[in-house]
Amino acid sequence: MKTLTVGLITAMLLYACGGNDSKSQEEASKDSTSAMSESMDHISNAAVNFATNVANANLKEIELGKLAQKNANYSRLKDFAQKMITAHTQSNEELQKACFSAGVTLPNGLSEQDHKDVDDMAKKKDKAFDRAYIKAMVKEHQATMEKLDVAAHDLKDTALQHYAQKTLPIVTAHLEEARNILEDVRKNYAPDQFDDVESYQ
C-alpha cells in the first residue's frame, strides 16, 4: 500500500512538472522575443528601421518575382522577375552580413501586409496580372531607392551605410528598367490609357 501511495505521488509530481515545462516553453518563447528586442536597444532606431524595411522589401520582391515567373504572360516580365529574384536574394544576403556587424536582427518572413499584397497579386490573371506586377515593381523600387538614398548619406552605422551606398545604384537601375517595361506594357496592352504615367514619373 505504501509503495502504491509513493508511486501515485511520484506520478502526480511528474505530471505537475510536465505541465510546468509546457508553460515554461511558452514563457521561454516570449522571453526570447523580448530578449531579441532588448538586444537591439543600443542600436539607433534609424539603423533598425532601415534594415528591417529593406529586408521586407527584398523578401517581398523575391515572392512577387516567383509569382510572376508562374503567372506573367509577357516574356519580358518573366525575365525581369527572374532578375529580381536573383538580385534581391543576393541583396538580402549582403544585408544580413551588414546587420551582423551592426547587431540588427532581420525578419525572416513576409510582414502581414506584404503577405496580403502577394496574395492579392496571386488572384490577378493574364494582362491584369502583368500590369499590376510591373506597376508594383515601379512602386516598390521607388520606395526602396528613397530609403537607400537617405541611408547612404545620413546613416551613422558604417556597415549599413556602405550597404546602402553599394545597393543604391543597383536599385536605381532596376527602377529605370521597371519604368521602361511599364511603358512597354501600356503601349502593348492599353495604348489609349495613360493612368499609369503617374506611377513612374
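Biologist: Is L148 buried or exposed?

Modeller: In this predicted model, L148 is buried, with a relative accessible area of 0%.

Biologist: Which helix holds L148?

Modeller: L148 lies in helix α5, which covers residues 126–154.

Biologist: And what does L148 touch, not counting residues up to four places away in sequence?

Modeller: With those residues left out, L148 touches F50, Y163, A164, T167, L168 and V171.

Biologist: Let us take T167 from that list. Where is T167 found?

Modeller: T167 is found in helix α6, made up of residues 158–189.

Biologist: How many residues apart in sequence are L148 and T167, and what is the C-alpha to C-alpha distance?

Modeller: They are 19 residues apart in sequence, and their C-alpha atoms are 7.4 Å apart in space.

Biologist: Why is T167 called buried?

Modeller: T167 is called buried because its relative accessible area is 5%, and the term applies to values under 20%.

Biologist: Leaving aside neighbours within four places in sequence, which residues is T167 in contact with?

Modeller: T167 is in contact with S91 and L148 once those neighbours are set aside.

Biologist: A change of topic: where is N56?

Modeller: N56 belongs to helix α2, which runs over residues 45–71.

Biologist: Buried or exposed?

Modeller: N56 is buried, and its relative accessible area is 15%.

Biologist: What is N56 in contact with, leaving aside its neighbours within four places in sequence?

Modeller: Apart from those neighbours, N56 is in contact with P107, G109, S111 and D114.

Key: Residues numbered from 1 in each chain as written. Predicted model: local features only at pLDDT ≥ 70, side-chain atom pairs only at ≥ 80, totals over all residues. Heavy atoms only, no water. Helix = DSSP H or I, 4+ residues; strand = E, 2+ residues; numbered from the N terminus. Buried < 20%, exposed > 50% of the residue type's maximum accessible area, 1.4 Å probe, protein only. Contact = heavy atoms within 4.5 Å.
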